[in-house]
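Me: I'd like to learn how to read a model like this one, feature by feature. Can you walk me through it?

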Amino acid sequence: MREQPIGEAVENDERAKVIAYHRGDTHAAIDTLLEDIRHLRGQLTLAEGVMSRGMARGWRPSYDRD
């Protein structure tokens with residue numbers, strides 16, 4: 001399991017808020033988070049398409065965790 005850098009750790013309170021928002025339905029919470037991931041990957045693809053190499057100094061986005 002990958003160790004999360006400081007500042008990226010998921011707090012128990014965050015987890016509880018997500019599940020509470022979905023009224024205790026963990027499957028609905030997971031579905032929403034997966035939809036968010038799909039949406040953000042699409043946004044990243046669009047940003048990559050319009051971003052020039054000079055603007056980012058050769059940096060390219062990563063779609064997966066390292």
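Reply: What follows is a short tour, from the overall fold down to single residues. This is a predicted model, so local features need pLDDT of at least 70 and side-chain atom pairs count only at pLDDT 80 or more, while totals for chains, interfaces and linings use all residues. Residues are numbered from 1 along each chain as its sequence is written, and side-chain values use heavy atoms, with hydrogens and water left out.

Me: Fold first, then: how many helices and strands are there in the protein?

Reply: Helices (H or I, at least four residues) and strands (E, at least two) are DSSP runs, numbered from the N terminus. Here you get three helices and zero strands, giving the pattern α-α-α along the sequence.

Me: What share of the residues is buried?

Reply: Buried is under 20% relative accessible area, exposed is over 50%, and partly exposed is in between (1.4 Å probe, protein chains only). Of the 66 residues in the protein, 8% are buried. The accessible surface (Shrake-Rupley, 1.4 Å probe; for residues, only the protein chains shown count as cover) is about 6,100 Å², and carbon and sulfur atoms hold 56% of that.

Me: What span does helix H2 reach from its first C-alpha to its last?

Reply: The expected span is 1.5 Å times one less than the number of residues. H2 covers residues 26–50, 25 residues in total, and reaches 37 Å, close to the expected 36 Å. At its start, a side-chain oxygen of Asp25 comes to within 3.1 Å of the backbone nitrogen of His27.

Me: Which residue forms a salt bridge with Asp13?

Reply: General idea first: side chains of opposite charge can pair when their charged atoms come close. The rule asks for a side-chain nitrogen of Lys or Arg within 4 Å of a carboxyl oxygen of Asp or Glu, and the count is one salt bridge. The partner of Asp13 is Lys17, with the closest N and O atoms 3.4 Å apart.

Me: Why are Asp13 and Lys17 about one helical turn apart?

Reply: An α-helix has 3.6 residues a turn, so residues three or four places apart point the same way. Asp13 and Lys17 are about one turn apart because they sit four residues apart in helix H1 (residues 12–21). Asp13 is partly exposed at 47%, whereas Lys17 is exposed at 55%.

Me: And the loop between H1 and H2: is His22 buried or exposed?

Reply: His22, in that loop, counts as buried because its relative accessibility is 17%. Contact means heavy atoms within 4.5 Å; leaving aside residues up to four places away in sequence, His22 touches Ala28, Ala29 and Thr32. Arg23 is in the loop too, but is exposed at 80%. Check its backbone: phi of Arg23 is near 55 degrees, a positive value in a residue other than glycine.

Me: Which residues make the nonpolar surface patch?

Reply: Patches use residues with over 30% relative accessible area and no salt bridge, joining like charges within 9 Å and nonpolar side chains (Val, Leu, Ile, Met, Phe, Trp, Tyr) within 5 Å. Ile30, Leu34 and Ile37 make a patch of about 260 Å². Leu34 lies in H2 and is partly exposed at 38%.

Me: How many residues apart along the chain are Leu33 and Val18?

Reply: They are 15 residues apart, with 9.1 Å between their C-alpha atoms. Leu33 is in H2, partly exposed at 41%.

Note on methods:
A polar contact is a pair of N or O atoms within 3.5 Å; within protein, one must be able to donate a hydrogen and the other to accept it, and residues adjacent in sequence count only if both atoms are side-chain atoms.
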